[in-house]
Amino acid sequence: MGRIVLKNVTKTFGETQVIPPLDLTIEDGEFAVFVGPSGCGKSTLLRMIAGLEDLTSGAIEIEGEDATDVPPAKRGLAMVFQSYALYPHMSVRKNIGFPLRMAKMEQPEIDERVETAAKSLNLMDYLDRKPADLSGGQRQRVAIGRAIVREPEAFLFDEPLSNLDAALRVGMRLEIGELHERLKTTMIYVTHDQVEAMTMANKIVVLRAGVIEQVGSPLELYHKPRNVFVAGFIGSPKMNIFSGTEAEKMGAATIGIRPEHTGVSMTDGMWKGRVGVAEHLGSDTFIHVHDTGLADMITVRITGDIAVKHGDTIYLTPQADQIHKFDAQGLRI
Amino acid sequence: MAIVAKTSRFGKYGRPTLAWVVGLFFFFPIFWMVLTSFKTDADAVKPEHLIFFKPTFDNYINMTENYDYWRFAKNSVITAVMATVFTLFVGIPCAYAMAFNPSRATKDVLMWMLSTKMLPAAAVLYPMTFITKSAGLFDTHFLIILVLSLINMPIVIWMLFTYFKEIPKDIIEAGQMDGANTWGEIKEILIPLAWGGIASTALLCFIFCWNEAYWTVRLTTTDAATLSKLIEGNRAPEGLFFGRLSAVSAAAVGPIVVLGWFCQKQLVQGLTFGAVK
């Protein structure tokens, strides 16, 4: 149970307003991801929900109750920190059991719950080790274990995977996804990595400078970005966005076309260019094309392999139904 | 052949020699004091008996039999221990609050606390004596514990603040999220993590309390008089009896020197902590 409602919340540090008035509802059981570039206020927003940061104005409701002035310990939320924030002087067993001990639970019940959590996270062999003796992935699991034993109203994740190496990150991403499927508890996850956002979320909240640019499902954001910022932020490689005569011909101030929605030919097409770097990944080829007259560089993604090399002349043709058009204010037409 | 840094001749021989010279220079007064404590008052002032003399325990026997050394020692232990405990009891929550929940005034408060150490003690001697006498606190353990606590509070809070700042804020916040109240955070997380720092702060505080002389001499007569008062009392009006005075001084500083010797690692760590960051 964990419906979280932010009503007109703001946050000001000194003279700087980090979060202008903002409204947001996260439904019970949802996996919401706050995504945005560094400094966009996503972590601040999460910390405000956690109660670690005071609101300058506005209100926060958790499960229908006003939690604005409720201290973090009483909000019934569990948080996983980027740095894991494990207690270095306690064993894994004590770390996971700590919230239960603070809740004055009986020792046999604490032991039972710790073991259940440890089993589900493959930590049984490490229960008596200290955090310093664990790998990054194991530490992250302990942090998750410490969060799940409490059966919180909602989980808050603050960039939990950014200290892990790429391979481990993919594995942990799946584990967190599975955890959500199993527990069906509300999760709010902060990341600057749009791939994490796209793969894990039911609902993505794109933030820029404390302002919500768009809220929607991953595919909604991908197919119908509300503005140029969201269009450029969601999707990898980035959408090609350009203005000028070509855009005007299509009746827009700015147009965007995703790399995977652009066809390639060596003989003819809509736009002519010169191959810069071609990245051959086996499954895909990314071609960076210059001298098109549209933008400094246009990126194209082709499924499979294609024999192009630096300096080749190439023709590009966008899929007509996949062109995103934006007005002078950068809003979707 | 690889080029490696060479140790200079000064680094190899000069520096250790210099260190020994400086060390002996500072140790000499203590050595001289201990030596003199085993001399008769007559031998103590004779240059020919500076090193070679007939040792005697008379000064020590005299001190325990006629000057009630153990009562003074007991008072020193009680006041120094209680003042250290009280200072930490107040100092730990203060430093915790300033380290993890700083406000705009935190820096100013820290500077203000330190500035109280710049006040010459003599400036408040009259009001202190007057107030404590009128309040009926003069020459009581309570007063000495209070005074020792208050004069050491700023330095203790500064030291603890520096140690606590080293603890990642995330860990304290994780404690909050896990349901710990303020006392729970201090007891379960802060104290175990900063244990080394707290111990060296306590040790220094204890040493400062033990060695304090200005107030303990002036605000006590007999009941709460500490070893500093005993030394002061042996500065006899008929002239200085070096043998006797040295024995009293050696017996007063002895416990603390021994304590310092065994805890030197923690002390050095405590004093230099934060200096390299």
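Colleague: What distance does helix α4 of chain A reach from its first C-alpha to its last?
Modeller: In this predicted model, helix α4 of chain A covers residues 136-148, a run of 13 residues. At 1.5 Å a residue, the expected length is 18 Å. The computed reach is close to that, at 19 Å.

Colleague: How many of the residues of α4(A) are buried?
Modeller: A residue counts as buried if 20 or more other C-beta atoms lie within 10 Å of its own. Among the residues of α4(A) that are buried are Arg139(A), Val142(A), Ile144(A) and Ile148(A). The helix is mostly covered, and the buried count out of its 13 residues is ten.

Colleague: Which elements of chain A do the buried residues of α4(A) pack against?
Modeller: The buried residues include Gln140(A), Gly145(A) and Ala147(A). Their partners comprise both strands and helices of chain A. These are β6 (77-80), β7 (154-158), α2 (92-102), α3 (107-120) and α5 (166-183).

Colleague: Are α5(B) and α7(B) oblique or roughly parallel to each other?
Modeller: Helix α5 (residues 106-115) and helix α7 (residues 141-165) of chain B pack with their axes 8 Å apart, at an angle of about 140°. Angles over 145 degrees would count as roughly antiparallel and those under 35 as roughly parallel. The two helices are therefore oblique.

Colleague: How many residues of the contact of α5(B) with α7(B) are nonpolar?
Modeller: From α5(B), the contact uses Leu110(B), Met113(B) and Leu114(B); from α7(B), Pro154(B), Ile157(B), Trp158(B) and Phe161(B). No polar and no charged residues take part, and the nonpolar ones number seven.

Methods. Residues are numbered from 1 along each chain as its sequence is written. Chains are lettered from A and ligands numbered from 1 in the order in which they are written. This is a predicted model: local features need pLDDT of at least 70, side-chain atom pairs count only at pLDDT 80 or more; totals for chains, interfaces and linings use all residues. Axes are lines fitted to C-alpha atoms, for helices over the stretch in contact, and angles run from 0 to 180 degrees between N-to-C directions. Helices (H or I, at least four residues) and strands (E, at least two) are DSSP runs, numbered from the N terminus. Angles under 35 degrees count as roughly parallel, over 145 as roughly antiparallel, 65 to 115 as roughly perpendicular and the rest as oblique. Two residues are in contact if their C-beta atoms, placed from the backbone, lie within 7 Å. Ala, Val, Leu, Ile, Met, Phe, Trp, Tyr, Cys and Pro count as nonpolar, Asp, Glu, Lys and Arg as charged, and the others, Gly among them, as polar. The expected span of a helix is 1.5 Å times one less than its number of residues. A residue is buried if 20 or more other C-beta atoms lie within 10 Å of its own, exposed if 12 or fewer, and partly exposed in between; C-beta atoms are placed from the backbone.
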